Amino acid sequence: MKYRKLGNTGIEVSEIGFGAWGIGKSQWIGADDNVSLSTLKVAFDFGINFFDTALAYGDGHSERLLARAFGKSAEVVIASKAPPLNRVWPARKGTPLREVFPGEYVLKSLDQSLANLQRDTLDLYQFHVWNDEWAQQEEWRKTVEKMKTSGKVRAIGLSINDHQPANALAALATALIDSVQVIYNIFDQSPEDRLFPYCRRHGIGVIARVPFDEGSLAGAVHPDATFPPADFRNIYFKGNRKVEVWSRVQKILADTHATVNELPGLALRFCLTDPAVSTVIPGMRRPERVSANVAASAAGPLPPAIIEKLRPHRWVRDYYSG
């Protein structure tokens, strides 16, 4: 495993991190706690030291599993998130800050996450949605400053709304934010336009999420794929979407001469090729997925020729909106 700095925070994170949404059970059906705990420990044994969770993942269940797996280990870097008070993802334009992140609520959420994780300090605490209309509001700024001086967090970040990478630049300009988490993959390459250049210039850490496009860029979504009844992917890949993404995946494989089995590694290495990226956080719900994902770090960034073949496959769309 290779490691990178999380911007200017001084925190060193594994290139492949662990996205802990799936083990929270809230919208991913079929997760088993014993398997999840085994997977977490295997991930650490393979060199993964960065684990990204949230209070909203199973109402703290994901956080509590991390506590069971690692306790207070200083070798483990943990990031969590404050959920929006109104429980609306993504943040809607025009929504007042007081309906989403009032200061007292954010501080209370931080304390709850610390209790779930059985820790005194979080390495990174993130706002789970964001709207740049809030960046100049005094209440938000004071909340961030209180957290930073409290000793309860080492760094503060934003989890940017789905497919809105530029909707954080005003907040970054305040110099109060240490990292951003953003959707970035072979299909959605848009963070490269404005967000990544800004982050490189100003030492902002970047956490790349959804590298597999919820499974399509791992070769797991084909026309005959089925998901459990309550699984959110039934909405994400509803209608003709499974056929649509499978067709586009076939074109990627043809252009890169990769096999379906090689696609997950290709997807992760694509994300790691941009130097702005600090870590990529695929979900891992089974131990056998860990070694395959970690191998992408060992393989290193993709050659420029392959990157050029992937450029035409940029396809920004929002399946999360229903």
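Trainee: What covers the buried residues of α2?

Mentor: The cover includes α1 (33-45), β4 (50-52), β5 (77-82) and α3 (103-117), where contact means heavy atoms within 4.5 Å. This is a predicted model, in which local features need pLDDT of at least 70, side-chain atom pairs count only at pLDDT 80 or more, and totals for chains, interfaces and linings use all residues. Residues are numbered from 1 along each chain as its sequence is written, and side-chain values use heavy atoms, without hydrogens and water.

Trainee: What makes α2 a mostly covered helix?

Mentor: A residue is buried under 20% relative accessible area, exposed over 50% and partly exposed in between, using a 1.4 Å probe and protein chains only. In α2 (residues 61-70), 8 of the 10 residues are buried, among them His61, Glu63, Leu65, Leu66 and Phe70. The helix itself is a DSSP run (H or I, at least four residues; strands are E, at least two), numbered from the N terminus. Just after α2, Gly71 has a positive phi of about 55°.

Trainee: How do you know that β9 pairs with β10?

Mentor: Pairing takes at least two DSSP bridges between the strands. Strand β9 (residues 205-209) and β10 are joined by 2 bridges and run parallel, so they count as a pair. Ile207, for instance, has Thr279 of β10 as its bridge partner.

Trainee: Which strands stand at the edges of the sheet?

Mentor: The open sheet has 8 strands in the order β3-β4-β5-β6-β7-β8-β9-β10, with parallel pairing. Strands β3 (18-19) and β10 (279-280) are at its edges; each has a single partner strand, so one side of each lacks a neighbour in the sheet.

Trainee: Why is one space called a cavity and another a pocket?

Mentor: On a 1 Å grid over the protein atoms alone, a cavity is a set of points where a 1.4 Å probe fits but cannot get out, while a pocket is an open set with protein on both sides within 12 Å along at least five of seven lines; lining residues have an atom within 4 Å of a point. The structure holds 1 cavity of 30 Å³ or more, and Arg92, Thr95 and Trp134 are among the residues lining the largest cavity.

Trainee: Which helix gives the largest share of the lining of the second largest pocket?

Mentor: That is α10, with 6 residues. Helices α9 (263-273) and α10 (287-299) each supply at least two lining residues, and the lining includes Val260, Arg269, Arg289 and Ala299.

Technical notes:
Grid points are joined across faces, edges and corners, and a volume is the space filled by probe spheres set on the points.
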